[in-house]
Amino acid sequence: MSAVATPLATPAANGQLFANDAADRSLFGSHFDFKPFEFRHLLHRQEIFQLPALMELAARLSAKKDQKSHYESGTPDVNGYFGQRPQDQTMVQALESIRDGKNWVILKRIHEDPLYGQALESLIPELSALSGVDMKDVYYDPTLTVFITSPGRITPYHMDGETNFLAQIHGTKMVYIYDGHDKSILSNTDLENYWTGNLPKINLPAALPEGTWQWQLKPGNGVFNPAIFPHWLQNGPDVSVSVSINFKRKQNSIIGAHRTNHFARKLGLNPSEPGKSPAIDRLKTMTFGNLYETAHATRTKVRQRFGI
Ligand SMILES: [Fe+2]
């Protein structure tokens with residue numbers, strides 16, 4: 001049975017941004033990249049993550065031609081779709097009305113801004129020390145994202161392909177996470193469709209409206225969410241600011257196996273389930289899985305080059 005975790009004490013201010021005592025290392029060691037867990041941090045005390053600094057960052061990002069940030073307004077259903085950017089509002093205006101509005105602002109890839117790039121670089125060695133995994137060796141594309149959310153707003157049920165540390169900076173929010181390894185929650189067909197870009201939405205399991213696990217986030221704690229573990233969030237009564245630190249795994253033959261299986265089924269075949277045989281998963285990745293990745297990268301470059 002899942003339960004709301006007891007909020008953790010603030011870590012000692014020893015110059016590090018993540019709590020790193022024996023219990024923290026034990027939790028990271030047993031759960032990292034496998035199962036969600038709560039962690040402690042001091043990111044909420046950093047000037048660069050306070051709302052005034054984030055407003056300035058949003059203005060800088062808005063001035064960039066190729067900025068990827070997103071914002072939307074409204075009251076989505078937990079099992080609903082994400083919205084569109086409002087045509088009558090800029091991202092800075094969405095932030096200015098965040099307290100009284102129904103807005104959701106995602107400042108994406110903020111580490112490409114030098115100030116935040118330095119912050120991300122300083123976090124990676126700490127995460128490596130805690131997890132016992134050399135994050136730069138095993139993962140790629142470390143990314144810093146900030147979510148700023150109006151009071152009470154829901155973030156609909158969805159999943160992400162990156163491994164994710166979500167650290168709370170301001171306000172409170174509930175996070176409901178689902179076991180991505182449970183086939184009754186996420187089927188092999190869902191995964192095949194997701195990894196081939198054919199799954200715009202997953203459906204909330206009716207029997208599990210509040211997740212396999214729940215956490216209440218507040219400034220100073222956070223939750224680790226493994227890649228492809230579905231989740232939804234409900235903001236508390238104040239504006240919420242959360243920082244997401246995420247990574248992509250360099251070697252993941254299960255992704256290649258799911259991609260191969262997607263196309264094998266289209267040919268009328270009944271392929272073996274990924275995760276049962278690492279050798280078969282690697283073989284699938286080396287053949288069609290890599291071919292898919294190359295084709296996808298080429299298609300993305302062509303789209304970016306020609307704006308299509
Ligand atoms: Fe997410």
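**Close-up 1. Leu186 in the loop between strand E7 and helix H6.** In this predicted model, Leu186 lies in the loop that runs from strand E7 (173-177) to helix H6 (188-195). Leu186 is classed as buried because 21 other C-beta atoms lie within 10 Å, and the class requires 20 or more. Apart from neighbours within four places in sequence, the residues in contact with Leu186 are Gly180, Leu191, Ile228 and Pro230. Pro230 is 44 residues away from Leu186 along the chain, yet a separation of 8.3 Å is found between their C-alpha atoms.

**Close-up 2. The open sheet of four strands.** The strands follow the order E5-E10-E7-E8, and their pairing is antiparallel. Strand E5 (154-158) and strand E8 (213-217) form the edges, each pairing on one side only. From one strand to the next, the twist averages 15°. In general, the strands of a sheet pair through backbone hydrogen bonds, in either a parallel or an antiparallel manner.

**Close-up 3. The pairing of E7 with E10.** Strand E10 comprises residues 231-235 and pairs with E7 in the antiparallel sense. Five bridges join E7 and E10. Ile177 stands opposite His231, a residue of E10.

**Close-up 4. Leu127 in helix H4.** Helix H4 spans residues 114-131 and includes Leu127. With 21 other C-beta atoms within 10 Å, Leu127 is buried. Arg25 and Leu127 are 102 residues apart along the chain, and their C-alpha atoms are separated by 9.9 Å.

Notes. Residues numbered from 1 in each chain as written. Predicted model: local features only at pLDDT ≥ 70, side-chain atom pairs only at ≥ 80, totals over all residues. Helix = DSSP H or I, 4+ residues; strand = E, 2+ residues; numbered from the N terminus. Buried ≥ 20, exposed ≤ 12 C-beta atoms within 10 Å, placed from the backbone. Contact = placed C-beta atoms within 7 Å. Pairing = 2+ DSSP bridges. Axes fitted to C-alpha atoms, helices over the stretch in contact; angles between N-to-C directions.
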